[in-house]
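Subject: Structure for your review

Dear colleague,

Please find below the sequence and structure that I am handing over to you. My findings follow directly after them.

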Amino acid sequence: MGSNTIPSPQYLTGDSGAINEFLDKFDVFLLDCDGVLWSGDRLFDGIVETLEMLRSKGKRIVFVTNNSTKARPGYLEKLKAMGIPSDVDEIFASAYSSAIYISRIMKLPAPKNKVFVIGESGIEAELRSEGVPFIGGTDPALRRDMTPEDFDKMADGSLLDPDVGIVLAGLDFHINYLKLSLAFQYLKRGAKFLATNLDSMLPMDGTFFPGAGSISIPLVNMTGQTPLTLGKPSQAMMDAIEGKFQLDRARTCMIGDRLDTDMKFGIEGKLGGTLLVLTGVHSKKHWEAEGAVAVPAYYADKLSDLRAATS
């Protein structure tokens with residue numbers, strides 16, 4: 001590596017002096033959830049106490065997640081069930097980010113402002129809360145095999161809603177050929193292509209499953225278009241967070257477990273710092289590799305290592 005390369009990340013685990021210095025630099029911590037606070041439904045040890053310590057030092061916590069399957073109230077329930085006190089305003093999820101972007105920034109004129117959703121109820125709830133009309137999503141009528149009649153009716157357009165102006169793709173546990181075909185027809189007819197996030201994988205129960213980004217790949221492949229993404233590392237999401245919380249980016253730190261979403265999000269957003277915890281997707285070998293997508297400013301074995309701070 002040349003002399004002008006990015007400095008190596010500072011290792012915080014077990015170094016209370018470095019941890020104190022780290023905490024003093026920031027007022028706001030943007031926290032990823034999966035792989036940082038928990039894996040699947042298993043909360044990592046010491047997380048509740050770590051968050052309490054941060055709050056007791058007057059730090060603001062914002063939970064920033066690319067998970068699009070839950071709306072904010074559903075996410076709040078998950079936090080509470082895990083024993084993490086929070087309120088809905090501390091949660092910034094990609095479904096909410098998408099709904100805000102569609103309603104407040106895109107502002108497509110009615111009636112061509114309807115959204116065809118590939119995804120779960122979280123997206124639907126957030127679109128509803130912003131007054132955005134939509135079809136698809138969890139509609140049971142789309143959970144079936146394609147029929148010869150579907151092919152004919154898509155070809156002549158009679159199966160399509162003429163008011164659809166946006167296709168929004170998130171994580172869909174019931175993805176099928178019918179939904180992909182409908183989404184493709186809308187995109188081919190000029191609908192705007194959005195994705196809640198492009199995470200390739202979903203960490204759960206100590207292993208990995210297909211993420212939301214893997215759901216939209218067939219559409220990318222068919223159309224040659226890359227969707228505008230409303231999750232990390234998209235700066236559209238950072239702008240929305242900054243607008244909502246009025247934070248000072250220089251005094252804000254992003255904490256996550258992935259280089260390509262969390263660290264890139266913080267670095268491109270020109271935040272004061274980034275901290276990678278080694279309880280999720282990426283580790284030292286990933287940021288030391290040639291052409292690494294991002295290098296964190298700090299790293300620690302786990303979030304609860306921050307408890308070594310002295311009060």
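In this predicted model, strand β15 (residues 273–277) and strand β16 (residues 298–300) run parallel to one another and pair over three bridges. Within this pair, L276 stands opposite Y299 of β16.

Both strands belong to an open sheet of seven strands, paired in parallel and ordered β1-β16-β15-β14-β2-β5-β6. The edges are taken by β1 (10–11) and β6 (91–93); each has a single partner strand, so one side of each is left without a neighbour in the sheet.

Two helices that pack on this sheet deserve a description. Helix α1 (residues 16–24) lies across β1, β2 (28–31), β14 (252–256), β15 and β16, and its direction is at about 100° to β2. Helix α9 (residues 235–245) touches β2, β5 (60–65) and β6, making about 160° with the direction of β6.

As to burial in α1, the buried residues are A18, I19, N20, F22 and L23. Their cover includes the strands β1, β2, β14, β15 and β16, together with α2 (47–56).

I also examined two helix pairs. Two packed helices are described by the angle between their axes and the distance between the axes.

For α9 and helix α10 (residues 259–268), the axes come within 10 Å and cross at roughly 65°. The crossing is right-handed. On the α9 side the contact is made by Q235, M237, M238 and I241, and on the α10 side by K264, F265, G266 and E268. Sorted by class, these are four nonpolar, two polar and two charged residues.

For helix α4 (residues 94–106) and helix α5 (residues 121–129), the axes come within 8 Å, with a crossing angle of roughly 35°. Here too α4 passes α5 in a right-handed crossing. A95, Y96, A99 and I102 of α4 meet G122, I123, E126 and L127 of α5. This contact has six nonpolar residues, one polar and one charged.

Finally, is R72 buried or exposed? This residue lies in helix α3 (residues 72–81). Its relative accessible area is 12%, and buried means under 20%, so R72 counts as buried. Leaving aside residues up to four places away in sequence, R72 touches V88, I91, Y96, E126, S129 and K244. Among these, Y96 and E126 also take part in the contact of α4 with α5.

With kind regards

Terms used. Residues are numbered from 1 along each chain as its sequence is written. This is a predicted model: local features need pLDDT of at least 70, side-chain atom pairs count only at pLDDT 80 or more; totals for chains, interfaces and linings use all residues. Side-chain values use heavy atoms; hydrogens and water are left out. Two strands pair if DSSP finds at least two bridges between them. Helices (H or I, at least four residues) and strands (E, at least two) are DSSP runs, numbered from the N terminus. Contact means heavy atoms within 4.5 Å. Axes are lines fitted to C-alpha atoms, for helices over the stretch in contact, and angles run from 0 to 180 degrees between N-to-C directions. A crossing is left-handed if the near helix is turned anticlockwise from the far one by less than a right angle, and right-handed if clockwise. Ala, Val, Leu, Ile, Met, Phe, Trp, Tyr, Cys and Pro count as nonpolar, Asp, Glu, Lys and Arg as charged, and the others, Gly among them, as polar. Buried means under 20% relative accessible area, exposed over 50%, partly exposed in between (1.4 Å probe, protein chains only).
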